[in-house]
Amino acid sequence: MSNPVYLALDVPQLEAGKALVEKLKAHIGGVKLGLEFFCAHGHHGVHEIAHCGLPIFLDLKLHDIPNTVAGAMQSIHVLEPAIVTVHASGGRAMMEDAKAAAAEHTKVVAVTMLTSLDERDLKRTGVDGSAHDQVMRLADLAQEAGLDGIVCSGQEVGTVHKQWKDGFFVVPGLRPTGSSIGDQKRVVTPRQARNDGASVLVIGRPISKADDPVAAARAIEATL
Ligand SMILES: O=C(O)c1cc(=O)[nH]c(=O)n1[C@@H]1O[C@H](COP(=O)(O)O)[C@@H](O)[C@H]1O
């Protein structure tokens, strides 16, 4: 079985990012490049990291009108990402058009409720009810739109997995026991998320900010 851990490479410096990936590549299954990296280095940076030979997850969290999101999807065809994110709250038509415009081998997954939010935050955005209900509602919408799966926290992935058996589930907000939680609010351990049906485990700071990133990645690998 391939390693489900994708390193969240949230760094602004290209050379430091490349060096970190080179060091870690035997202990991770892929690299997630998000807004911080992409805004700094664009297509060139993605090509540079892709040289490591691991699959690239382009976490752009697209959220706009359908025509604009479809255009953005077409603009990243050449990068051949394994996974791309859009926001489920962009609506069904936006997700349908995103999937239709994506490259054939790219999995398009919808972010449901960010793992940095809890139910109080949700209420402040005008949504009453539990995190669980919100994730389930948006997972249904993503499935209806024909997406490959969703992004959710490890607290919801078990239930979503029961309902969407062949879905592809990306789970961030992972913290090995004892590591600092930072800005994340809905957190579980990597092992728990894997047990509950996560397809991909997104892990950033617990590895990248560790004194010894290789030791941290190996320790996580050993728990899976
Ligand atoms: O789409 C994501 O990857 C994502 C969704 C979400 O709900 N929460 C979340 O933390 N992420 C990303 O997952 C990574 C988590 O990083 P760490 O908290 O450092 O492990 C970051 O790159 C976030 O952008």
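Let me begin with how the chain is connected: of its contacts with a separation of 6 or more, 66% are between residues 24 or more positions apart, where two residues are in contact if their C-beta atoms, placed from the backbone, lie within 7 Å. Please keep in mind that this is a predicted model, in which local features need pLDDT of at least 70 and side-chain atom pairs count only at pLDDT 80 or more, while totals for chains, interfaces and linings use all residues. Residues are numbered from 1 along each chain as its sequence is written.

Now to the overall build. The chain has ten helices and eight strands, and these are DSSP runs numbered from the N terminus, with helices being H or I of at least four residues and strands being E of at least two. The radius of gyration of the chain is 17 Å, close to the 17 Å that the globule rule gives for 224 residues, so the chain is as compact as a globular protein of that length; this radius is taken over C-alpha atoms, and the rule is 2.2 Å times the number of residues to the power 0.38. Taken along the principal axes, the C-alpha atoms fill a box of roughly 40 × 40 × 35 Å.

What about the interior? Buried residues make up 42% of the 224 residues in the chain; a residue is buried if 20 or more other C-beta atoms lie within 10 Å of its own, exposed if 12 or fewer, and partly exposed in between. In soluble globular proteins, nonpolar side chains tend to be buried together. Here the largest nonpolar core has 64 residues, and those with the most contacts inside it are L7, L9, A98, A110, I150, V171 and L201. Helix α6, residues 131-144, gives the largest share of this core, five residues. By a nonpolar core I mean a set of buried Ala, Val, Leu, Ile, Met, Phe, Trp, Tyr and Cys residues joined through C-beta atoms within 7 Å. If we leave aside neighbours within four places in sequence, I150 is in contact with residues including A88, V109, A139 and F169.

Which residues does the "active site" annotation cover? The unreviewed UniProt entry gives D59, K61 and D64. D59 lies in strand β3, residues 56-62, and K61 lies in strand β3 as well. D59 is buried, with 27 other C-beta atoms within 10 Å, whereas K61 is partly exposed, with 16. Not counting residues up to four places away in sequence, D59 touches K32, L33, G34 and T85, and K61, on that basis, touches L35, T85, H87 and V111.

Turning to the ligand, there are 18 residues around it, of which A8, T115, P172, G204 and R205 come nearest. The elements that give two or more residues to this shell are β8 (200-203) and α9 (205-208). To be near, a residue must have its C-beta atom, placed from the backbone, within 6 Å of the molecule or strand in question.

Finally, T223 is found in helix α10, residues 213-223, and is exposed, with 12 other C-beta atoms within 10 Å. T223 touches P190 and R191, not counting residues up to four places away in sequence, and the C-alpha atoms of T223 and P190, 33 residues apart along the chain, are separated by 7.9 Å.

Notes:
UniProt positions renumbered as here; feature names shortened; annotations may be inferred.
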